[in-house]
Amino acid sequence: MKRLKLKVCGMRESENIAAVAALAPDYLGLVFVEGSPRDATGVVAREALAGIPAGVTTVGVFRDAPLDVVRETVETLPMARWWDLDCFPITLPTIPDDAS
């Protein structure tokens, strides 16, 4: 039987990141979507990210972002190295509700 995997997304504040990381989810998501109340751009502290234990995969979540925007965002993260973010979901552009 496959083991259920847990992803907690929308992390921004250091206290929340530390509390969730202590529970050792499989994935911890950081949202980088302008206008989202969970947007972590410019908010996440290096110390909070450094405290994520090994074994917890960090995920950067982007919506409708060109690759150069993803790269720029990731390169400015307050991490020891920008590539410490483990993965990035690739999403298709949002299709308007009225599109035929």
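User: Before we look at this predicted model, what makes a contact a salt bridge?

Analyst: Happy to start there. A salt bridge needs a side-chain nitrogen of Lys or Arg within 4 Å of a carboxyl oxygen of Asp or Glu. By that rule the structure holds two salt bridges.

User: How do you know that Asp26 and Arg3 form a salt bridge?

Analyst: Their side chains meet with N to O at 2.3 Å. The cut-off is 4 Å, so the pair qualifies as a salt bridge. Asp26 sits in the loop between helix 1 (14-22) and strand 2 (27-31), while Arg3 belongs to the segment before strand 1 (7-8), so the pair ties together parts that are 23 residues apart in sequence.

User: And what makes Glu13 and Arg12 a salt bridge?

Analyst: The closest N and O atoms of Glu13 and Arg12 are 3.2 Å apart. That value also lies within 4 Å, so the name applies here too.

User: Asp26, Arg3 and Glu13: why is each called buried, exposed or partly exposed?

Analyst: Let's set each value against the limits. Asp26 has a relative accessible area of 13%, which is under 20%, so Asp26 is buried. Arg3 reaches 57%, which is over 50%, so Arg3 counts as exposed.

User: What else does the side chain of Asp26 lie close enough to for a polar contact?

Analyst: The backbone nitrogen of Leu6 lies 2.7 Å from a polar atom of the Asp26 side chain. The limit for a polar contact is 3.5 Å, so this distance falls within it. The Asp26 side chain also makes a polar contact with the side chain of Arg3, at 2.3 Å. Leaving out residues up to four places away in sequence, Asp26 touches Arg3, Leu4, Lys5, Leu6, Gly55, Val56 and Thr57.

User: Why is strand 3 described as largely enclosed?

Analyst: Four of the five residues of strand 3 (residues 57-61) are buried, so the rest of the structure largely encloses strand 3. Over the chain of 100 residues, 31% count as buried.

User: Which residues touch the most other members of the largest nonpolar core?

Analyst: They are Met11, Ile17, Leu28, Leu30, Val44 and Ile52, in a core of 16 residues. Helix 1, strand 2, helix 2 (46-50) and helix 3 (67-75) are the elements that give two or more residues to this core. Helix 1 supplies the largest share, three residues.

User: Why is the pair of Phe32 and Phe62 called stacked?

Analyst: The structure holds one aromatic pair, and Phe32 and Phe62 form it with 5.3 Å centre to centre and 25 degrees between the planes. The centres lie within 6.5 Å and the planes are under 30 degrees apart, so the pair counts as stacked. Phe32 lies in the loop between strand 2 and helix 2 and Phe62 in the loop between strand 3 and helix 3, so the pair ties together parts that are 30 residues apart in sequence. Both Phe32 and Phe62 are buried.

User: One last item: what makes the phi of Asp64 worth a look?

Analyst: Most residues other than glycine have a negative phi. Asp64 is not a glycine, yet its phi is positive, about 55 degrees. Asp64 is found in the loop between strand 3 and helix 3, and its relative accessible area of 38% falls between 20% and 50%, so Asp64 is partly exposed. Ala24, in the loop between helix 1 and strand 2, also has a positive phi, near 55 degrees.

Conventions:
Residues are numbered from 1 along each chain as its sequence is written. This is a predicted model: local features need pLDDT of at least 70, side-chain atom pairs count only at pLDDT 80 or more; totals for chains, interfaces and linings use all residues. Side-chain values use heavy atoms; hydrogens and water are left out. Buried means under 20% relative accessible area, exposed over 50%, partly exposed in between (1.4 Å probe, protein chains only). A nonpolar core is a set of buried Ala, Val, Leu, Ile, Met, Phe, Trp, Tyr and Cys residues joined through side-chain atoms within 4.5 Å. A polar contact is a pair of N or O atoms within 3.5 Å; within protein, one must be able to donate a hydrogen and the other to accept it, and residues adjacent in sequence count only if both atoms are side-chain atoms. Contact means heavy atoms within 4.5 Å. Rings of Phe, Tyr and Trp (its six-membered ring) pair if their centres lie within 6.5 Å; planes under 30 degrees apart count as stacked, over 60 as edge-to-face and the rest as tilted.
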